[in-house]
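Please find below a note on the model under review. The points concern the fold of one chain and its interface with a second.

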Protein chains: 4
Amino acid sequence: MKNIAILCSGGDVSGMNPALKHFVEYSIQKGLTPYFVYNGYEGLIDDDMKEASYSDVSGIINRGGTKIGSARSQRFREKKYRDIAKQNLDARGIDMLVAMGGDGSFKALDIFYKESGVRFCGIPATIDNDINGTDYSLGVDTALNIIKVSIDAIRDTASSFRRAFVIETMGRDCGYLALISHLTSGSELCLIPEVDYDLKKYEQEFKKQIKNGRRYFIAIVSEGIKQDSSEISEWFESVIGMESRVSILGHIQRGGNPSTYDRLMAYKLVNKAIDGLLDGNQMSVICYTKSGFEFKTIEEVTSKKKELDPELLSYLERF
Amino acid sequence: MKNIAILCSGGDVSGMNPALKHFVEYSIQKGLTPYFVYNGYEGLIDDDMKEASYSDVSGIINRGGTKIGSARSQRFREKKYRDIAKQNLDARGIDMLVAMGGDGSFKALDIFYKESGVRFCGIPATIDNDINGTDYSLGVDTALNIIKVSIDAIRDTASSFRRAFVIETMGRDCGYLALISHLTSGSELCLIPEVDYDLKKYEQEFKKQIKNGRRYFIAIVSEGIKQDSSEISEWFESVIGMESRVSILGHIQRGGNPSTYDRLMAYKLVNKAIDGLLDGNQMSVICYTKSGFEFKTIEEVTSKKKELDPELLSYLERF
Amino acid sequence: MKNIAILCSGGDVSGMNPALKHFVEYSIQKGLTPYFVYNGYEGLIDDDMKEASYSDVSGIINRGGTKIGSARSQRFREKKYRDIAKQNLDARGIDMLVAMGGDGSFKALDIFYKESGVRFCGIPATIDNDINGTDYSLGVDTALNIIKVSIDAIRDTASSFRRAFVIETMGRDCGYLALISHLTSGSELCLIPEVDYDLKKYEQEFKKQIKNGRRYFIAIVSEGIKQDSSEISEWFESVIGMESRVSILGHIQRGGNPSTYDRLMAYKLVNKAIDGLLDGNQMSVICYTKSGFEFKTIEEVTSKKKELDPELLSYLERF
Amino acid sequence: MKNIAILCSGGDVSGMNPALKHFVEYSIQKGLTPYFVYNGYEGLIDDDMKEASYSDVSGIINRGGTKIGSARSQRFREKKYRDIAKQNLDARGIDMLVAMGGDGSFKALDIFYKESGVRFCGIPATIDNDINGTDYSLGVDTALNIIKVSIDAIRDTASSFRRAFVIETMGRDCGYLALISHLTSGSELCLIPEVDYDLKKYEQEFKKQIKNGRRYFIAIVSEGIKQDSSEISEWFESVIGMESRVSILGHIQRGGNPSTYDRLMAYKLVNKAIDGLLDGNQMSVICYTKSGFEFKTIEEVTSKKKELDPELLSYLERF
């Protein structure tokens, strides 16, 4: 009987709980003994792990966040703590690890593997969808649907009151959430870090639209652009001449009942990760691209910044 | 055949559209001709009104905001514009007005009535629920349910990540939204303008709870308290010793599909308002209190600041 | 130190979990020791009870259903089992009981009290809202909002496809859910057990509306009317001449994240129930009417069938 | 200037409105004049078409159903009516058609093209996801998320009350909705038309689970299986020995605010369809498979029954 453990590292996302549920079920189905590691790499260091059973994952499939906690770990950057982690895993007979997180988390595992030989498979999980080499990261679909509901709500009030709204989404350096939200909400403006912009370009068009009867504007901006959202809002007031408000969606984007799509991907990603480890994979990340699921090396995934799909970017150029 | 008009003034709320729908239907049922005034008092001044029919209100019952627009009007504060408003109403034979809005809007109508003799009935409508003399204002229930969803989502991520969240609700000087959200979300801290507080009081208790295993805190604070939300967040970090984030819910609180309760109250309030005007009421606000629906004078409604239900306030004192 | 227990009897509703949470917190605040009884009266008989603590109610405030289970109990109708229940309560030193349920559940408690002297307070809890003496029962608001979402969804498809939809709500002999859903969804027809109807009355009107361009009808019918929903649907097809479908909402009405209103009422009802028992109430039901909260006797609550608010009923007569 | 028209045929789905919005915008961007055809092929025959503008698609992106109506058309099966359709299109100078619908709708267009030379591109749109040659049809993701919410709600009540629930999803002969809902809800049983089953296989396992404490079962069954849902429910009662209820989700699956995924796919599918027609495609269906978007012939799409992804099917075999 082999032992396999799962942990969450970095920001939590909706979809981690369905992944935990399937991890337990599929491990047992494959004759493995599943373990939970609590609070990311901290749990490895503190030996905060336990064998997981069906009852641990009952009633969590519709819950946001992660039942086993997530954390960033400064200590795991130091070799002495990684050595402790290795000892803890050895003591429990765990030699396979599934890790849900972002590229920072994977880099740490890479180092750990090279030292310890503990094989692992990473599952991309971040609402920012900023991991190179995969089109999808766990949690993105739920985040997009939460943003959608918020934009729909704000549009109601914007159109009632003659106002411009500047809605700021998460995403760090990646404009994915903002771009998709723009395309799927029919907003009037979208600003993302990947595309340089000049507000002047929109001035004439927007003023013309107001003359033709437009009562409101919705601008979706990604948190990583060169200006603060409040500056965009100020531009609407002073240049376009429309009262404006900023709405920073913030952490509501991170939680909520996982969407069906994120649940299904959690299911499949866990399947692939466990199958890969059983097939002898040493260290890999299970990615999802236009070619379907494929294992990539840590190197491929973490070596460069993700670029947005050029086709999606082309949709931005409407004026 | 008598003519009756409806308008929205001040901030829009969810529930105005169901009210418009029932206004048209009930007016016609009572033998009146219903009119819409667009963009609040601005529409009175600009003669932006039209006779309303069933087809105008088709498909709006599940929409937030207001189809006829709302606005604040500086001009309506000047007698010369109010005179124009009166002329416009006379020209269309409209001598009864239903106005959805807050106490500022009602004060303006009071002056207008005294000059013009145009009878009106106010329907309290503000998510702040800060209108004296009524326990309920249109839109409050929808706003509370939107806040609920947001808090539920944030709790997922807070508990996953060992964090304190400071969630700021709307309400201006009134802590109603924050207080009810606190009671119904089981949050750990609630700060509202009506109740003076000293964070020191919570320090020992919160530290004890962390020792006993608490992983997160949710604090609901009303926008009108003496400190910025960021200061509360800073207190969690520096004094309580837990990483903390602020989430300002903002304008998402204002929109969204109206709840059943707000729809039902819209129905009843419109019924009462029209019945009141047909019974000869000169100027009143239709309020909802523990005694049921009752008409109150503008004086009663606008003369003093609303006080929160002492019973609700008593629930705050848990420590 | 006194011991107090809570149980759920009959159909579960959304709002029971928030009530359980507040029951634990408020009991402890009042110096009482709270107990959970599992699976209704069955748990009394089987001694399936346990002392409840904060951790038992963590994370349940946003969950439908009831964490402690509910059940109907045939055995509790027999004296020998009620005697066992009394012994079990005595053994644990429990002499106060809070029971969430419907009138059937309250009648059983009435008998039990007269035999055993175990004091209790009933909290009306049923989505049917069919309990005499109270305008509100726990769970009704959540059920109404779930129905609302379903009707909104069905209207989309009905209007796209030229169809009549007959939507059947729960309610047993009480038309409350159907009536309120009708008023708040703007449906074209509402049939409830309390009001006799003759479909002939609508025939001419509906045919006229189709001629004038109406593309769809929504009929809300309560499960307790004299005809099957399929017969109403058949009437639309054969008499009105419009393709028709039946949608029986069924058990989705019963679950879901409790609405803010139901959560707040759960809070208040538990407060009142515990306060009443501490004040020496022997056996009562905490009701909510136009006069606010008031304790009523079992006799008052169970002696006759609830009648719907005449004002609400008057809204039905539109033709 | 060229003219291009869009129509919906067969059952409506969520996602058609976002598609209409983008159709208008992208057509204009490409220098085409967009037309709406109302009520499917009926509108072609009755010349119920109009040039569409931005204002026609304002505020519809978050609406289920389709603003231009959908219908099945018996008349379009007769050549004389197709000839009329052709004349109507000629009179308006429309020689390109985008059609959202299922395979039945595409077959009809095939015949029409061969007679009339009107070029067209089909967009697969059906919640059943039963169109051969494409992994995705518009509306499927929204339907899955509605089903998810319903199952989550029913699970609450099932677990509270010791009950088995048999939840019937749409899908006609295709078990896709049921299968994905099963995988993403963690239900205990899934029955679909594609996989023969013998309930006996589950008997021993389910009884064992009850002995081990299981309080409820959720069974997801597709409408096309060999038995009625009531028979499955009866099996739970008589063989497994657990009270059981059936819930037929029905038409609520069809409506609702389109999910972000369906909105994004609507955007892309419309883009591809218009691009294809501008590139000279004669008659094709724009499909989405593991290889991305690709045009397929009507022959490929309608010649055989869709088979479910073998990998998905393999997930069913848990016992």
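The numbered points below begin with conventions and then turn to the chain and the interface.

1. This is a predicted model, in which local features need pLDDT of at least 70, side-chain atom pairs count only at pLDDT 80 or more, and totals for chains, interfaces and linings use all residues. Residues are numbered from 1 along each chain as its sequence is written, chains are lettered from A and ligands numbered from 1 in the order in which they are written, and side-chain values use heavy atoms, without hydrogens and water.

2. Chain A contains 11 helices and 12 strands, taken as DSSP runs (H or I, at least four residues, for helices; E, at least two, for strands).

3. The C-alpha trace of chain A spans about 75 × 35 × 35 Å along its principal axes.

4. Of the 319 residues in chain A, 66% are buried (under 20% relative accessible area, 1.4 Å probe, protein chains only).

5. At the interface, 30 residues of chain A are in contact with 31 residues of chain B (heavy atoms within 4.5 Å). The two chains bury about 2200 Å² between them, 51% of it from carbon and sulfur atoms (accessible area lost on being put together, 1.4 Å probe, summed over both). B:Phe161, B:His251 and B:Ile252 supply 28% of the area that chain B buries against chain A, more than any other three residues.

Technical notes. Buried < 20%, exposed > 50% of the residue type's maximum accessible area, 1.4 Å probe, protein only.
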